[in-house]
Amino acid sequence: MKLRSRKLLDRSLTGVSVMAIVLMALALLVLLGPIFSRGAAAFFFRATSEFRRINLEQFNRGDSRRIAAESQAVAEARQPLYGMLDDFAAELEDMDPARRRELRPQFKEVRDLLRELLGPLPGEMDAVMLRQQYGQTRWERAQVTLQRILFSEQWDYSDPSRMGSKVLVPRRQAFVGTQLEPLFPHLQQNLKSMLRPRFTFYWRFLSDRSLDSHFFGGIWPEILGTFYLTLGAMLLAIPFGVIAAIYLSEFAAAGRLVSLLRVCISTLAGVPSIVFGLFGLAFFINTLHLSHSKSVLAGSATLALLILPTIIRAAEEALKSVPHAYKEAALSLGASPLRMVLTVLLPAALPGILTGIIISMGRAAGETAPIIFTAAVSVGRPLKLWETLNQPTPALPWNIYNLATEHQAVDQIRHVQFGMVLTLVLLVLLLNLAAIVIRARVSRKMRG
Amino acid sequence: MIQPTLANIRAAAEPATADYGGRQAHVACDRFSFFYGDNQAVRNVTLDFPSFQVTAIIGPSGCGKSTLLRSINRMNDLIPGGRTGGRLVFDGQDVYGPRLDVVTLRRRIGMVFQKPNPFPKSIFNNVAYGRRLHDGPDKGRLQEIVEASLQRAGLWDEVKDRLDDNALSLSGGQQQRLCIARALAVDPEVLLMDEPTSALDPRATARIEDLIAELRGRYTIIIVTHNMQQAARVSDLTAFLYEGDLIEYGATAQMFTQPRQKRTEDYMTGRFG
C-alpha cells in the first residue's frame, strides 16, 4: 500500500511537470507564431511601383531608367481614372445646387482616398509630408484603401434596443447616373496595372533610416540605438558587477554589513524597472547632469544599474562554485590573493559569469521603462559614436511601444511595428544562443 | 611525554644521502598550538623537522596532523577563527611573525594536497603556473623548468607529447604527480604532503612512494599519512600525534619496531584509531 501510493505520487508529479512543459511550449508557439509571420511581412511583401519610386528618389537605389519607364506606364494606366475625376468635377459644377451640396463632400472623400492610394492627383501642389507625396507602397495596404474607396462605413442605429452596427455601403450608389459611377468598377479591375505589385524582399528594412516617422523606410536608427544602449550598459555594469562579486565571495569578511549588502542587492534586483527609469532621470540627468537632457549615456547608466544585481549574483554564484582546491593550489604556490583570483578563480568561473552577463544583456536590450525618461525618443537619425554622450536615440523596445500607442497612424504601419518586434526577439535570441555556444566552448576547454 | 631533542633524533636517523649544499633551512615547532575558535587542535607541539629527510606524521583522524602540516605554510590563514600559539620557525624566521612575507614563505615551502588538484589548464601551464607568478613570462627558461620538473616528478615520458592537453584528462595518479611537478617547479626547499595517496589506487600509490624516495635528500619532505605501512616505507622519522599532542617522535625504524610509548604501540597494532 505504501509503495503503491508512493508510486502514484511519483507518477502524478511527472504528469504535472510534463503538463507544465507542454503548456509553456504552447504559450511560446502562440506568442512566437504571429511575431514571426507578421514580422516577416515587414521584410517580404508585394511592393508597388510607389515603393520602387521611393527607393529611387529617397535612397537613390534601383535602375532609374526602368523605374522611369514603369512610372510612365503606371501614369498611363491611371490616366482614364483621372479623366473620370475631371469629367465629374465639370459635371458637378452644372448640377442643381441641392444635389451638388449632397455630392461634393462625398466626391472630396473619394479624391482624398485616391490620393492616399495613388499619390498626389495630377495638377496638385507637392505636399510637404513625405507620406502625402507617394501612394501606397505595399499591395496589402493598397487593397485596404481600395475597400475604403469602394465602400463607405456607416453606422446603423435604427434598432434602439441594440448597439449601433457597422454597415458597409457601396459608394457607387451615391453616384449612380453620374460620370463618376464607372470609376469604381474601373479602379477595382485595373488597380494592379496602376500599382504593379511585385514580390520583394526588403532586407534593407534593417539598414534603412525611417522616412516620415516610420511611414516608409527601415529601423536602422532603432537597432543602432539599442546596440549603443546595451553596449554602454554592459561596459558600465560588467566591471563593477564582477569586481563586486569578487569582493563579496572572496574578500568580504562574513558579518552583518556584508549580509546587509547582499539583502540590498537582492532587493535591487526586484525593483520595478520604471523606478529605475525615474531614478535615472532624477539622478543621472537632473542631479549629475551627465547630459543636458535625455542621452544614450544616461540611458546606459540606468540600464547598467538595472542589470547590476543580476550580474553580481550570477558572478558570485559562479565564483563560489569554483572548487576550493584550485584556490588552495594557487595559494600554496605563492600566489597573492589577487593573483589567485585573476589567474585561477576568474578563468574557472568564466562560464557562469558569461551566462549571467549574456542573460542580463538580453534584458538590457529589451527593457523599455528605464529608457523612457533617460534615453529614448520616437524619431531620430542614426547616431555617431561620440554623439551617444549627449544625444538621445530611438531604440527598439521603446519604439515598439511608441508605434503601437502614440503614432498618428498606428494602423497603417503595423508591419513596421511587427518588424521591430521580430528584430528584437531575434536579437535577444541570438544573444542567448551566443551565450550557450560560448559557455559550451569555455567549459569544454576547462574540462579537457 | 618525551620531548626528543634534535641531537638524539639526528643520531637515530639515517644520514641523508645528498650534501646539504648550504641549504640548511629547516622547520621547527616550539610549543606550537593551533586553535579553531576555542578548540585546540594542536597542543604545545615541540618538534624539529630535519632538513633533506622525510618525516611522516601519523595519527588517528582528527588528531591535528593535517592542521600542523598546514600551519607550516600558513594555509590555515583562510580559516575564520583560527589562531596560533607558541612558535613555528622556518629557516630562522618566525612563520607567524609580523614581518614574514607569506608569498615568499609559500614559494619556499611547496604543498601537495590530499586530492589531486591540477588547475583546469594545460599540463604545461599547470607546471608553469608558480614559476610565472615569481619570474614573469620568461618563455625559454620556462620550457626547461617545466621539463625538469616533470622529469623530477617522473611524469615527463608520459606527457611530453601532450603538454597542451588539459591536465584534467590525466589519470588520478598522473594528476597527483603533476601536482608534485607543479610544486617542484618553483624550486621549494620544503615539500609538505597532505595524505598525497589517499585518493589513489595501489599502483599509483607505489609510484608516488617511489617518487618520494627519489626526492628524499633533495628536499625536506613532511608527509601526513593514514597509512602506517606507507610511513614505514617512505620516512626517515615519524611523529605520532594523538588528540593534538605529540606522543612520540623518533627514527621510523625504531618506532615501528620498539615504540617507547604504550599508545604508539596500541595505535600501530590497530587497537584504536
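Helices (H or I, at least four residues) and strands (E, at least two) are DSSP runs, numbered from the N terminus. Keep that handy for the exercises below.

This is a predicted model, where local features need pLDDT of at least 70, side-chain atom pairs count only at pLDDT 80 or more, and totals for chains, interfaces and linings use all residues. Residues are numbered from 1 along each chain as its sequence is written, while chains are lettered from A and ligands numbered from 1 in the order in which they are written.

**Exercise 1. Find Glu328(A) and work out what Glu328(A) touches in chain B.**

Step 1: go to helix H12 of chain A, residues 324-332, where Glu328(A) sits.

Step 2: check burial. A residue is buried if 20 or more other C-beta atoms (placed from the backbone) lie within 10 Å of its own, exposed if 12 or fewer, and partly exposed in between.

Step 3: list the contacts, meaning C-beta atoms, placed from the backbone, within 7 Å. Leaving out residues up to four places away in sequence, Glu328(A) touches Met75(B), Phe113(B) and Asn117(B).

**Exercise 2. Describe the side of chain B that touches chain A.**

Step 1: count. The contact involves 24 residues of chain B and 17 residues of chain A.

Step 2: assign elements. In chain B, helix H3 (102-108), strand S6 (109-112) and helix H4 (123-135) each put in at least two residues. H4(B) gives the most, with 4 residues.

Step 3: sort by class. Ala, Val, Leu, Ile, Met, Phe, Trp, Tyr, Cys and Pro count as nonpolar, Asp, Glu, Lys and Arg as charged, and the others, Gly among them, as polar. On that scheme this side of chain B has 12 nonpolar, 7 polar and 5 charged residues.

**Exercise 3. How do H6(A) and H7(A) run relative to each other?**

Step 1: take the axes, which are lines fitted to C-alpha atoms, for helices over the stretch in contact, with angles from 0 to 180 degrees between N-to-C directions. For H6 (139-150) and H7 (183-195) of chain A, the axes come within 11 Å and cross at roughly 165 degrees.

Step 2: classify. Angles under 35 degrees count as roughly parallel, over 145 as roughly antiparallel, 65 to 115 as roughly perpendicular and the rest as oblique. H6(A) and H7(A) are therefore roughly antiparallel.

Step 3: see who meets whom. From H6(A) come Trp139(A), Ala142(A), Leu146(A), Ile149(A) and Leu150(A), and from H7(A) Phe184(A), Leu187(A), Gln188(A), Leu191(A) and Leu195(A). That contact holds 9 nonpolar residues, 1 polar and no charged ones.

**Exercise 4. Compare the surroundings of Ser213(A) and Arg74(B).**

Step 1: look at phi. Ser213(A) has a positive phi near 35 degrees, in a residue other than glycine. Arg74(B), also not glycine, has a positive phi near 60 degrees.

Step 2: Ser213(A) is in the loop between strands S5 (210-211) and S6 (216-217) of chain A. Arg74(B) is in the loop between helix H2 (65-72) and strand S4 (82-90) of chain B.

Step 3: count neighbours. Ser213(A) has 20 C-beta neighbours inside 10 Å and so counts as buried. Arg74(B), with 20 other C-beta atoms within 10 Å, is buried.

**Exercise 5. How far from Met340(A) are Glu328(A) and Met129(A)?**

Step 1: Glu328(A) is 12 residues from Met340(A) in sequence and 9.1 Å from it in space, C-alpha to C-alpha.

Step 2: Met129(A) and Met340(A) are 211 residues apart in sequence and 64 Å apart in space, C-alpha to C-alpha.

Conventions
Contact = placed C-beta atoms within 7 Å.
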